[in-house]
Amino acid sequence: STRFVNFNAYYNTFYNAQLSYGQGYTKSNEQSRKYNFLLPIRVYQTPLGAGMQELQNTIDKGADILRDHKKSKWVDNALELIGKSYFFRTEYFSADQKFDELLLTTQDPLLQQKGVFWKGRVFMELELYTQGVQYLEEQRAIYDGQWLESMEDQILTILAELYIARQNYEAAIPLLEQT
């Protein structure tokens, strides 16, 4: 039955993928970094590559869901987890592909908005500032008044960081004031 497939996919695979991701994410975030105080300090920092093995485990388990549990309700969540894991492994092109896949397949508005956010972060890390600004400004218009949870603040923060990277402080300041 569908319920058993979902239950099985969740407990055997997705739950473990989430655990691995949590461990890798924690290692990534706890890695100490040196700041240059002459440059703007970003809210969303570049990953430094800690937690590689845990993040690879997440990617592998997520791939198991996509392969073995195609009909389960965890497919979209697996795509998001795989994308974020690639991101924190600094494999930005692979991450971008997964977020594109997520945006194409999910019907979940929150996951769609998270996909937009993560694509914004990919543009930032690839130093594609102009494309990132264009992409997020388009998405901002599309989702105007429909943002869920804290997604609008997260999107506007990344957008501000892209503007700052282009030294367009006039565009960045009102976004940061709003968030």
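A polar contact here is a pair of N or O atoms within 3.5 Å; within protein, one must be able to donate a hydrogen and the other to accept it, and residues adjacent in sequence count only if both atoms are side-chain atoms.

First, some housekeeping. What we have is a predicted model, where local features need pLDDT of at least 70 and side-chain atom pairs count only at pLDDT 80 or more, while totals for chains, interfaces and linings use all residues. Residues are numbered from 1 along each chain as its sequence is written, and side-chain values use heavy atoms, with hydrogens and water left out.

Now the fold. The chain has eight helices and zero strands; both are DSSP runs numbered from the N terminus, helices being H or I with at least four residues and strands E with at least two. The radius of gyration, taken over C-alpha atoms, is 17 Å, close to the 16 Å from the globule rule for 179 residues, so the chain is as compact as a globular protein of that length. That rule is 2.2 Å times the number of residues to the power 0.38.

How much of the chain is buried? Buried residues, meaning those under 20% relative accessible area (1.4 Å probe, protein chains only), make up 42% of the 179.

On to the inside. Leaving out residues up to four places away in sequence, L162 touches several others, including F123, M124 and L136; contact means heavy atoms within 4.5 Å.

Let's look at helix 3, residues 75-88. Just after helix 3, T90 takes a positive phi of about 65°.

Finally, T106, which sits in the loop between helix 4 and helix 5. Is T106 buried or exposed? At 2% relative accessibility, T106 counts as buried. The side chain of T106 makes a polar contact of 2.7 Å with that of D76, and a polar atom of the T106 side chain lies 3.0 Å from the backbone nitrogen of D108.

Note on methods
Buried means under 20% relative accessible area, exposed over 50%, partly exposed in between (1.4 Å probe, protein chains only).
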